Amino acid sequence: MSRSLQIVSPGALSLIQDGGAIRSRALGVPVAGCLDRTALILTNALLGNPETVAVIEVRLTCPTLRASGGPVRIALSGTLCGHILAADDPENRREVRPWTAFTLSDGETLKLAAPERGGVGVIAVDGGVAVPEVLGSRSTQIKAGFGGFNGRPLQAGDALPLLPLTEELPRQSLSLPEGFDLGDGPIRVVAGPQEEYFTAEAYQTLTSTPFTVSREADRMGFRLEGTPLKHDPAKGSDIISDGIAPGAMQVPGSGLPIILMADAQTTGGYPKIATVISADLPRLANRVPGDSITFTLVTVEEAERAARALRTRLDAAIATIAPERRPGEIDLDALYSTNLVDGMVDMRLADHFPGHLYDE
Amino acid sequence: MPVEIEAIRPLADTAFTLDLAPAVGEDAARRVHTATSVLNAAIAEGQLPGVTEVAAAFRSVTVHHDPLLSDRATVLKTVLALLERTEPVASLTGTLWSLPVCHDGDFAPDLEDVATRTGLRPDQVIERHLAPVYSVYCIGFLPGFPFMGDIDASLRLPRRTSPRTRVPAGSVSIALGMTAIYPWESPGGWHLLGRCPVPLFDSTRAAPALLSAGDRVRFRAVGREDYDRFAAAAAAGTLDLTQFRQAGDTP
């Protein structure tokens, strides 16, 4: 039996996503891809995967998963935690924590709590979820119904295909000891692409008053509530449709902005007052209905510096990945490396005394 | 005269849009087609490192790039230099298609209404819709959805005041001076004049979208029998798409 990850229960909206279909806009295909790119990169790094291979992206509630046909190594993003149930002994629980990678043995079940605050959660698997690639991506195109797992959100009974194991999975859990902080403060935007469609007052409003994420907030876009942003009356609120990038903030006649997210259509006919910089998209994606957002204007050059700074922080975080230490647990590596415990035996490791625990 | 840039519009650090013409139309389509071809060729030749894609709209192109692999100033400079030494093509050079459309009653729920509102007879509406060779201005709204123009001036209508929640896949439609085919069942506000049996988008094909910006399309009327034959072949995966391409024709 080939190795797979069984979906015992699907969660509210669990989708296969990767780095997105970055070369398909000319076909009218949304870029899609994981809403929180930092979580995509870090969970894959915890598994030693290429950094944007396909993961399970979850929102609101989490799926329950079972390893089948072999062990599965899994990594959780910072908003997820839960426990593992042994196959034959449901009383035997092992807690799993945010920003860790661990191995689920064949038949074991992983139960996860809802993502913290309802934000984006990412569940990565060793090698990446091995669904077929469509248009250079394994992301789910929800509206068009292709990509991902059969072009749709996960359902109970689905078996996610995994790559064959080429070597034994490690048993040791790894973690990002410091986690990863997306930061706070205003969301940074660059003015435009249709700056001339808005009054100076509109920009003043955008950067001085808070907006609230409305209940209409999904992978296509986040509708915001707040003080309406005024169009220049001479220009109106219609443009000849032009290109969209994730983060573009379009303003229809109502004056209430919609920030377009990963699943947005590729062109749009409303003027766009500003665009969220790439470095702040993961932070925005984790906002939920009712959250307050403020905005600040930056230049393209500042946005580029922010993108590079975020990448530097990601690389620094990846460099800290180390065996997981649980609170109150003795740090054996530290003890050994400082040589305070000559002669101590780590009985958990079968190869500590070759020939001692096993006859070779 | 090179391809002129009317405006440079930033989309933060990952993309920018270049306006190439003041309005929607054949002239804009030629400039957009030229710019897209030149820039895609430059990407293929490695002249635009970090640029992932150039996407065409009605009168603009949007250049998407990775801010970690390229910076805006450098990308913009190269793009503008490439366009500066490029003449817009005299006519669209994309594929010319001849697509069947069936106007049977249930396929054309808005034909009577369009006739009433334009003061024409239904057969005149069909005739005027079939007459031009349309240009594919851009693909957008839905995967594979072609915005094509221009339609005969007598057929210009705004969108329906109450959009349908379900427009069937294959619906041939008009609105806003343009014509389009819905690749998927979807909500939609355009006026439906007929049905095309050729699948416009199939993610399992090597080229999933049938039409590309810069292609040209002529519609030809077919009866229900031909429609059903094409539709059955399409459903069975045996429809030969090359039969709808017109080789050697000129616009």
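Modeller: The largest cavity has a volume of about 70 Å³. Some ground rules first: this is a predicted model, in which local features need pLDDT of at least 70 and side-chain atom pairs count only at pLDDT 80 or more, while totals for chains, interfaces and linings use all residues. Residues are numbered from 1 along each chain as its sequence is written, chains are lettered from A and ligands numbered from 1 in the order in which they are written, and side-chain values use heavy atoms, leaving out hydrogens and water.

Biologist: Which residues line the largest cavity?

Modeller: A lining residue has an atom within 4 Å of a point. Here the lining includes Q194(A), Y197(A), S241(A) and D242(A), along with R9(B), D19(B), R59(B) and S60(B).

Biologist: And what is the volume of the largest pocket?

Modeller: About 1400 Å³. Of its 41 lining residues, the closest to the centre are S241(A), Q265(A), G269(A), F141(B) and R159(B). The elements that give two or more residues to this lining are β14, β15, β18 and β19 of chain A and β11 of chain B. Helices and strands are DSSP runs numbered from the N terminus, with at least four residues of H or I for a helix and at least two of E for a strand.

Biologist: Why is the pair of F146(A) and W184(B) called stacked?

Modeller: Rings of Phe, Tyr and Trp (its six-membered ring) pair if their centres lie within 6.5 Å, and planes under 30 degrees apart count as stacked, over 60 as edge-to-face and the rest as tilted. By this rule there are 13 aromatic pairs over all chains. F146(A) and W184(B) lie 6.5 Å apart, centre to centre, with 20° between the planes, so the pair is stacked. F146(A) is in the loop between β10 and β11 of chain A, and W184(B) in the loop between β10 and β11 of chain B, so the pair joins two chains.

Biologist: How do you know whether F146(A) is buried or exposed?

Modeller: Buried means under 20% relative accessible area, exposed over 50%, and partly exposed in between (1.4 Å probe, protein chains only). F146(A) comes to 6%, so it is buried.

Biologist: Where does the charged end of K143(A) sit?

Modeller: Over the ring of F141(B), 6.0 Å from its centre. The rule asks for NZ of Lys or CZ of Arg within 6 Å of the ring centre and within 35 degrees of the ring normal. F141(B) also belongs to an aromatic cluster with F58(B), F145(B), F147(B), Y182(B) and W190(B).

Biologist: What puts the buried residues of α2(A) on the same side?

Modeller: The buried residues in this helix are A202(A), Y203(A), T205(A) and L206(A). They cover an arc of only 160° around the axis, so they share one side of α2(A); the arc is that of the directions from the helix axis to the C-beta atoms. The face turned away from them carries the exposed residues A200(A) and Q204(A).

Biologist: Is W99(A) buried or exposed?

Modeller: Its relative accessibility is 10%, so W99(A) counts as buried. W99(A) also has a positive phi, near 55°, in a residue other than glycine. N150(A), likewise not a glycine, has a positive phi of about 55°, but its relative accessible area is 58%, so N150(A) is exposed.

Biologist: Last one: what does V101(B) touch?

Modeller: V101(B) lies in strand β5 of chain B, and at 0% relative accessible area it is buried. Contact means heavy atoms within 4.5 Å. Not counting residues up to four places away in sequence, V101(B) touches L130(B), V172(B) and R195(B), among others. V101(B) and R195(B) are 94 residues apart in sequence, yet 5.3 Å apart in space, C-alpha to C-alpha.

How values were computed. On a 1 Å grid over the protein atoms alone, a cavity is a set of points where a 1.4 Å probe fits but cannot get out, and a pocket is an open set with protein on both sides within 12 Å along at least five of seven lines; lining residues have an atom within 4 Å of a point. Grid points are joined across faces, edges and corners, and a volume is the space filled by probe spheres set on the points.
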